Amino acid sequence: MEMLPKRIVYAKNDAHQKFLDTFNGQLKGRTNLSFLVVIEFVGGEQLRKKIEAMLGNPTYLPDEWCSARDAIVMFDQALRAGVAAERLGHRVMPTYKNNFPAIFEGKTIRDAFEILERAYASNTTYGGVSPVAVVEPKRALVYRKGSPLPCDYFVGVINGLLKLFSIDSTTREIACQWNGAPACCYETTWAN
């Protein structure tokens, strides 16, 4: 198994790098499987095979807890190959919906943010968010703290989630934990 590069490509600074180097959170195997499927969809089969080989060709069982360090490797290598983190994020919630369609039935835009938080809380050990999302009629603020994934990945996650509700949104990170904020804060706005 190859070693991870000394510097993670999406580390914003030394504090972020140290966090990634020492991160020991876990996630469900289905999450790593989803990441690999999305990486293959966006970056191609060769990239997925390269990443799996780098990780020692692991077998992820959907309900098994796995090291989230594998996800750090996946995202580091995908970004090094030129795949945009936001684009990867955009595909995550549609993949989640394919696996759990009943969760989305009859839900509203307000419910979308609750679905997102429940998905993170049930599939990761690092899903804690503070404060809870603030949802207004045409705007929402979503917070993330202690995530090992790239910040701009989460921009794509939010936009992909809202697309499932037929809403075209614009999301941007307006505060970052790695630049001194208490948590990363994402502002998303929409017109419809």
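What is the mean pLDDT of the protein chain, and what share of its residues reach 70 or more? The mean is 91, and 95% of the residues reach 70 or more; pLDDT is the predictor's confidence in each residue, from 0 to 100. This is a predicted model, in which local features need pLDDT of at least 70 and side-chain atom pairs count only at pLDDT 80 or more, while totals for chains, interfaces and linings use all residues. Residues are numbered from 1 along each chain as its sequence is written, and side-chain values use heavy atoms, with hydrogens and water left out.

**Fold and dimensions**

- The protein chain has seven helices and six strands, where helices (H or I, at least four residues) and strands (E, at least two) are DSSP runs numbered from the N terminus.
- Their order along the sequence is α-β-α-α-β-α-α-α-β-β-α-β-β.
- Confidence in the protein chain is highest in helix α3 (residues 45–54), with a mean of 97, and lowest in α6, with a mean of 87.
- The radius of gyration of the protein chain is 16 Å, which agrees with the value near 16 Å for a compact globule of 192 residues; the radius is taken over C-alpha atoms, and the globule rule is 2.2 Å times the number of residues to the power 0.38.
- The C-alpha trace spans about 50 × 35 × 30 Å along its principal axes.

**Cavities**

- Three cavities of 30 Å³ or more are found in the whole structure. On a 1 Å grid over the protein atoms alone, a cavity is a set of points where a 1.4 Å probe fits but cannot get out, and lining residues have an atom within 4 Å of a point. Grid points are joined across faces, edges and corners, and a volume is the space filled by probe spheres set on the points.
- The largest cavity has a volume of about 210 Å³, and among its 17 lining residues Thr-31, Val-92, Tyr-96, Ala-119 and Asn-123 lie nearest its centre.
- At least two lining residues of the largest cavity come from each of α2 (29–43), α5 (85–99) and α6 (109–123).
- The lining of the largest cavity has eleven nonpolar residues (Ala, Val, Leu, Ile, Met, Phe, Trp, Tyr, Cys and Pro), one charged (Asp, Glu, Lys and Arg count as such) and five polar (the others, Gly among them).
- The second largest cavity holds about 90 Å³, and 13 residues line this cavity, including Arg-144 and Tyr-186.
- α7 (151–163) and β6 (184–190) each supply at least two residues of that lining, and α7 gives the most, with three.

**Aromatic rings**

- Twelve aromatic pairs are present; rings of Phe, Tyr and Trp (its six-membered ring) pair if their centres lie within 6.5 Å.
- One aromatic cluster consists of Phe-19, Phe-23, Tyr-126 and Trp-178.
- Arg-144 lies over the face of Tyr-120, 4.2 Å from the ring centre; a charge sits over a ring if NZ of Lys or CZ of Arg is within 6 Å of the ring centre and within 35 degrees of the ring normal.
- The charged end of Arg-91 sits over the ring of Phe-41, at 4.9 Å from its centre.

Definitions and conventions
Phe/Tyr/Trp six-rings, centres within 6.5 Å; stacked < 30°, edge-to-face > 60°. 1 Å grid on protein atoms, 1.4 Å probe; cavity = no way out; pocket = protein on both sides within 12 Å on 5 of 7 lines; lining within 4 Å.
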